[in-house]
Amino acid sequence: MKYREIAQTGIMVSPLGLGTVKFGRNQGVKYPSRFELPNDQQVRELLALSRDLGINLLDTAPAYGLSEQRLGQLMTNRHDWVIETKVGEDFNEGASSFDFTAKGTHASVERSLQLLKTDYLDMVLIHSDGDDQRILEEEDVLDCLLDLRQAGKVRAIGISSKTVQGGLLAFAKDCDVVMSCYNPSYQDELPVLQAAAQQQRGILVKKAFASGHLDQLQMANSTPHANLPKTDHPIEAALQFIFSQQGVSSIILGTINPEHLCENVQLTEKILCQLGD
Ligand SMILES: NC(=O)c1ccc[n+]([C@@H]2O[C@H](COP(=O)([O-])OP(=O)(O)OC[C@H]3O[C@@H](n4cnc5c(N)ncnc54)[C@H](OP(=O)(O)O)[C@@H]3O)[C@@H](O)[C@H]2O)c1
């Protein structure tokens with residue numbers, strides 16, 4: 001898989017990234033079925049397989065339970081990876097809490113550095129509670145991230161947003177990257193992807209497979225790109241749909257199933273080849 005640059009940061013990411021919610025948290029999540037957290041050996045194998053398949057991007061967050069801690073313990077070489085984590089949301093005893101203050105932001109970044117056993121973070125995103133515009137305009141978190149980027153502790157900054165206004169505002173306020181939800185059954189945030197393409201910013205796509213609710217993807221009404229064959233396979237259709245859209249840097253896929261990981265990479269390679277990418 002040919003790597004793509006996030007804005008003009010020099011950060012090169014694979015078109016598929018590995019989402020790691022399921023490494024660290026199985027409470028308060030919206031997947032179709034319950035699951036056990038993978039054990040240490042399974043996480044090691046998923047990381048090694050991801051690298052073998054060409055994936056270099058890991059998405060994590062303090063709100064993903066044990067995810068950062070387990071990555072720090074189980075990654076064999078931090079420099080193999082582009083690590084993207086978040087600030088602003090935490091998850092303890094089954095409930096989320098939010099803190100977008102300067103103090104909270106600095107403490108969160110320090111804890112991520114410690115847990116991930118690294119002295120820099122490639123990307124840090126604001127983990128929005130949905131009130132994107134207010135967070136970006138009224139809280140201190142964005143100024144802190146701009147300072148951390150200036151100081152070199154963080155290479156790129158942005159927001160995992162939930163609104164079009166939030167995504168666009170983040171770009172207007174000099175963010176490098178936005179994480180947006182986008183798939184055949186949820187296209188509301190398309191203007192953010194279009195803005196990223198126009199302004200040469202990064203987009204990480206979350207929930208590409210509607211968090212595993214594949215029946216929703218099957219019902220979706222999407223027109224494939226002219227170079228792509230029509231498919232009834234919901235995973236292939238979702239990947240086709242998203243990669244046809246300009247502006248996408250990487251799709252962050254949440255899987256703990258090695259067969260699904262391989263299938264997702266194979267389909268991505270085929271689709272990007274068909275698109276001439
Ligand atoms: N606010 C935020 O910042 C935010 C919110 C949501 C998600 N995220 C990030 O985005 C990542 C992806 O989001 P997500 O996990 O909600 O949704 P997703 O990637 O749309 O879907 C993940 C689900 O799809 C299943 N799946 C994956 N590949 C498959 C395949 N080939 N065939 C059948 N099923 C497949 C996975 O099950 P298996 O494990 O069985 O493969 C998993 O249950 C997360 O891991 C997280 O890193 C961020």
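Student: Which residues of α2 are buried?
Tutor: First, a note on conventions: this is a predicted model, in which local features need pLDDT of at least 70, side-chain atom pairs count only at pLDDT 80 or more, and totals for chains, interfaces and linings use all residues. Residues are numbered from 1 along each chain as its sequence is written, and side-chain values use heavy atoms, with hydrogens and water left out. The buried residues of α2 are Val43, Leu46, Leu47 and Ser50. Buried means under 20% relative accessible area, exposed over 50%, and partly exposed in between, with a 1.4 Å probe and protein chains only. Helices (H or I, at least four residues) and strands (E, at least two) are DSSP runs, numbered from the N terminus.

Student: Why do those residues of α2 count as lying on the same side?
Tutor: They lie on the same side of α2 because they cover an arc of only 95 degrees around the axis. The arc is that of the directions from the helix axis to the C-beta atoms.

Student: What covers the buried residues of α2?
Tutor: The cover includes β3 (16-19), α1 (21-24), β4 (57-59), α3 (67-74) and α11 (258-274). Contact here means heavy atoms within 4.5 Å.

Student: Which residue has its C-alpha atom 8.7 Å from that of Gly54?
Tutor: That is Leu16, 38 residues away along the chain. Leu16 lies in strand β3 and is buried, with a relative accessible area of 1%. Leaving aside neighbours within four places in sequence, the contacts of Leu16 include Ile55, Leu239, Phe243 and Val265.

Student: Changing topic to α7, which residue caps its N-terminal end?
Tutor: Thr163 does, with a side-chain oxygen 2.9 Å from the backbone nitrogen of Gly166. Gly166 is itself among the buried residues of helix α7 (residues 164-172), as are Gly167, Leu169, Ala170 and Phe171. Just after α7, Asp174 takes a positive phi of about 75 degrees.

Student: Is Gln200 buried or exposed?
Tutor: Gln200 is exposed, with a relative accessible area of 51%. Gln200 is in the loop between α8 (190-199) and β11 (202-206), and has a positive phi of about 55 degrees although it is not a glycine.

Student: And Ala7, buried or exposed?
Tutor: Ala7 counts as buried, at 12% relative accessibility. Ala7 lies in the loop between β1 (4-5) and β2 (12-13), and its phi is positive, near 45 degrees.

Student: Last one: which residues lie nearest the centre of the largest pocket?
Tutor: Val21, Lys30, Tyr31, Lys207 and Ser211 do, among 41 lining residues.

Methods
On a 1 Å grid over the protein atoms alone, a cavity is a set of points where a 1.4 Å probe fits but cannot get out, and a pocket is an open set with protein on both sides within 12 Å along at least five of seven lines; lining residues have an atom within 4 Å of a point. A polar contact is a pair of N or O atoms within 3.5 Å; within protein, one must be able to donate a hydrogen and the other to accept it, and residues adjacent in sequence count only if both atoms are side-chain atoms.
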